[in-house]
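Dear colleague,

Please find the structure below, handed over for your records. My notes on it follow directly after.

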Amino acid sequence: MRSLVRSFGPALTAGFVLAVLVWSIVLILAPQWAMLDRALTAPKRALDSSVAASLAQDSLTCISVLDAHAASDAAAAAGAGGLAVPSASGMAVPSMGGMAVPSASGGAARPYILQCDRADTHRAMVRANGVTEHLDTLYDLPQLAVRDSDPIETQKATAAEIAALAEALADRLRAEEATRSPYTAANFATLVQPVLIPMTPETRAIEDAQLSNRLLGLIGLRFERDGEIHARIGMITLTRTLVYAMLVTALALVLCYPIAYKVALATPPERAVWLFLGLVIPYAIVELMRVYAWTTIIDTNGLLNAVLTGSGLVAEPVQFKRMPGTVFLVVVYTYVLFMVFPIFNVMSTLDRNQIEAARDLGARAWRVHWRIVIPHAKPGIAVGCIATFMLAAGAFSVPRIISRGLQSEWFSQTIYNKFFESENSNVGAAYSFAYTLLCFGIVAVFMAVMRTRLKDFARVQS
Amino acid sequence: MRGRDVTLDGVEITYPNGFRAVHRTDLTVRAGEFFSILGPSGCGKTTILRAVSGFVAPSQGRILIGGEDQAGLGPNARPTALIFQNLALFPLMSVRDNVAFGLEARGVGRRERHARADELLALVALADQADKTPGALSGGQRQRVAIARALAVEPAVLLLDEPLSALDLKLRSHMRTELRAIQQKTGVTFIYITHDQGEALTMSDRIAVMNRGRIEQVGTGDDIYSTPATAFAATFVGETNRFAGRIEAVDGAHAVLAGAEGRFRARNTQGLPVGTEAICFVRPEAMRTGATENGLAATLERRDLEGPFVSLHYRTAKGTALTVHRTNLGPAGGGAETETLGFSPDAALILPAGELAETGRELAAE
Amino acid sequence: MTSDRLLTAYTWAFLGFMFAPLVLMVLASFNDTSPPSVTDWQGFTLKWYSFFWTDDASLRADPVLRALDRDRFVACLGNSVQVAVVVVPLALLLGLAGAVLLTRWQSRANGLLWWVLLSPMLAPGIVLGLSALVFWGRLGVDAGLFTIMMAQLTFIAGYPMLILMARLQRQPIDIEEAALDLGATPLRVFFRITLPFLAPALASAAVIATLVSFENYNTTMFAKGGACTLATEIGAMARNPNGHPPVINALGTFIILATVGVSVAHALLKRREAKAA
């Protein structure tokens, strides 16, 4: 720090330090901390106190709906004709309109009311580990329920009793929850939770034979229990996405190494400038545009299908957007250039004389690459692999646009859906956090194996 | 412009990693003197320079310039200017702006500082290059820009960190004369760091020979060449032949050293007593063929033509290599196969045994 | 030298792979059919381009264009500009500070700082968007342009940082020391020596940061709340199962032209810089 102050003076140094602190704390660390906190807290509505409170709420609503019902009955009995359909409470009470048929039928004293049906102390609570517990057994409540066959007054009395019990329980649980640590690993546990996959025997036979399913079985992500197939869907999506991302990286490396070599070392510098520009332009074009560009090719009535049907290779257009391979290909297309530039930048610092010297000493082309070019380009290769892998693993636009929801998700889509579509942001946060950690873990292992350091990221920048 | 004296009073410099770059040193450079610090790379000479200019603080002792303690003063507050090894010219500024930068930093107005810069550029014979950027100049011109830039702030002491090392041989010898001339014209104290003994010997009023963080000898070029104080100084400055042994007898200013190659009589300037492990040093140009005194037989192995003189490489029967320099009197001037070599006792010097300079490696590194 | 010829052929094939989809996209933008196609040629048209300036009456007359909300499109573009105007200067500032600290701050904590500052560039974009949403939501800020800016800034600042760092490492410390030695204050050294030296790198960094901010979809999508940017608006059109309107292709053609222009300018700029250095 002293040398910093000496070169930049106290004012500038303080400014730099402040900027970096804001960046690293407010923009980087604190948001991740907030994510972790969110991931470790149980969703509010899943808390037992919330369950009890909602039971109390349901019971009270049941009573008020029953009151309204009785009032309308009375009005009908007063013989004012069927004109007044009461709208006593703003509650959406189902099938109020069906009240025209009085209660006599089927032994029920009233029509179906959702909230009364739910006014039952034997309420089920599904835990993260898949076990189902019940409110009454867990907290020693008497088993009470509002039965539609009882007289209305009895129903109201029962509902009132349930409401009182539930409210007391909710208060007690809230007090307990306030003192207990709010943190739980349950959100993370949903990631590995198995889900029953209902299947007909025929589809099951087909599914079981698939290689991918057999592989999933091998690593315990798909298994049979009580004669039914279960799958850990979250983990399956996660694993598939990571495997795809690794394959994308490997393919990109194979595709890019020769290109980087060609532009950096095998072309006279004045012509290499134009080749380089040819790589920069597609690299700089808005990512989404490059994804859209593919839709013209792979659409059901796109170029590829026109060529295939036109040449008689296939009779029916192929549904490319349903094929995982298409998403894979477009991910490669979209992120392949992130591999080229780091390798190119490092390679171009290699003295061309070294290659000529090696050739002159009698080395064949492959040996020149293996002993001279690749060792020199290694930091660039490592950085390119890391960049491509992370982009592919976090790909969101490509699967979203290319598949149009017609094939299984990438993990980033799963996170999006958990967060925004199922309104379960705690689980979404857990998924997101776990995924980040996993990806960083993979990168750290890769860097250790390749013996690269983070400083190489600055070195490969042109 | 008047030079001021520089005093190192018990200065010791230790780096944070524990490495002691400079051991306790007392040294006074006189005002208006051209003073060189000569030593191999890594001997601590650059560290001393950076301490005087204020980039490094001494861990012990004081640095005084013109009698004023410089402790706590940054490089921008000291009456010194440093010329960097790679010159460190500002690549994006014109030559004139480079020279005027120090004045700009002192708040001198544009017109005045440009006038002053042009004056200095005339001094270094670059008046017509003022509008170019440093990148467009040749090595020697850039050198002169760096000097002009340093002189613009009217320093009392100019510190030069091997500024000629990047130049080719011819330009280097030309710049030596030029530097010396500028120093005499301005009267500024020059402290010049180099590992090239030729530079030190030709330009300096006085030279300090430095090794492993210690100053081994301070003296004029003649002193150091003819009467080195240590075995290191003897071997680092100039070429020399040497015979190791033990002092057998002392008579007045001379002593007799007995070793594997026989007995040699030579000057004993340090008054070493009998029994001391010592080395007898003889410069190649002091070796004579067919001499009677301090004689020993040797066989000619190689004759190297150096231009104005020839270098004759001999080896004795016991394996000691000897070099003899002889004025080049034409191709016939070779030696016989085996000859008796010798030297006058007054042309040789006996010094206590000690570390020798690795001349070969030093040359290879150059 | 057949291996050389093979390499050249492969290079051209690769460039073909990179450019073919773009060429097709441009072609489809002139075809009078929706969704865009190059196989089903219905005649040359410029109407997908004129969407952006034609009058409302002719818009309503067209069965495809009628369904598109031009005002929203323009508003989203405005949002993108707004985001970039805030994000790019801040990213340059943070990037410069990060670059200075990482290159010049000798400390044990330096390694940790590397990880922290580079992690947003490595993290999946969605994660940055989500965490900004959650964090600022907790502080009472609703998702919108502000969260988009914060989420983008988190990782976009990394680009200037890397670019400036490469440049800073090439600046010999000697030059700064020489200026200090000549009596300049550190502040003057920074503004007179270091900043001019960094200027070309700052310019490139600004161009790249602007491009990244404009095109960013993954992070923005997650942080945007009810707001939109050009990228999310384009992305939203993908939800149409029948394919997107060719207006996108027309816009893509604009973008390709702009990109080619900027890239060529950038290449020339870099070349000039290389000559000067």
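The centres of domain 1 of chain B and domain 2 of chain B, taken over C-alpha atoms, are separated by 36 Å. Domain 1 covers residues 6-226 and domain 2 covers residues 231-365 of chain B, with bounds that come from an automatic or database domain assignment. To their contact, domain 1 of chain B gives 10 residues and domain 2 of chain B gives 9 residues; two residues are in contact if their C-beta atoms, placed from the backbone, lie within 7 Å. On the side of domain 1 of chain B that touches domain 2 of chain B, the elements giving two or more residues are β9 (206-211), β10 (214-219) and α7 (221-226) of chain B. Helices (H or I, at least four residues) and strands (E, at least two) are DSSP runs, numbered from the N terminus. The residues of that side comprise 4 nonpolar, 5 polar and 1 charged. Here Ala, Val, Leu, Ile, Met, Phe, Trp, Tyr, Cys and Pro count as nonpolar, Asp, Glu, Lys and Arg as charged, and the others, Gly among them, as polar.

Please note that this is a predicted model, in which local features need pLDDT of at least 70 and side-chain atom pairs count only at pLDDT 80 or more, while totals for chains, interfaces and linings use all residues. Residues are numbered from 1 along each chain as its sequence is written, and chains are lettered from A and ligands numbered from 1 in the order in which they are written.

Turning to the chains, 2 pairs touch, and the most contacts are between chains A and C. In that pair, 85 residues of chain C are in contact with 76 residues of chain A. Helix α1 (residues 2-28) of chain C gives the most to the side of chain C that touches chain A, namely 13 residues. That side of chain C divides into 61 nonpolar, 19 polar and 5 charged residues. By contrast, no contact joins chain A and chain B, and their closest C-alpha atoms lie 9 Å apart.

One helix of chain B may also interest you. In α3(B), Arg113(B), Ala117(B), Leu120(B) and Leu121(B) are buried, meaning that 20 or more other C-beta atoms lie within 10 Å of a residue's own, whereas exposed means 12 or fewer. What covers these buried residues includes α2 (95-105) and α4 (139-152) of chain B. On the other side of α3(B), Arg111(B) and Glu112(B) are exposed. Just after α3(B), Ala125(B) takes a positive phi of about 60 degrees.

With kind regards
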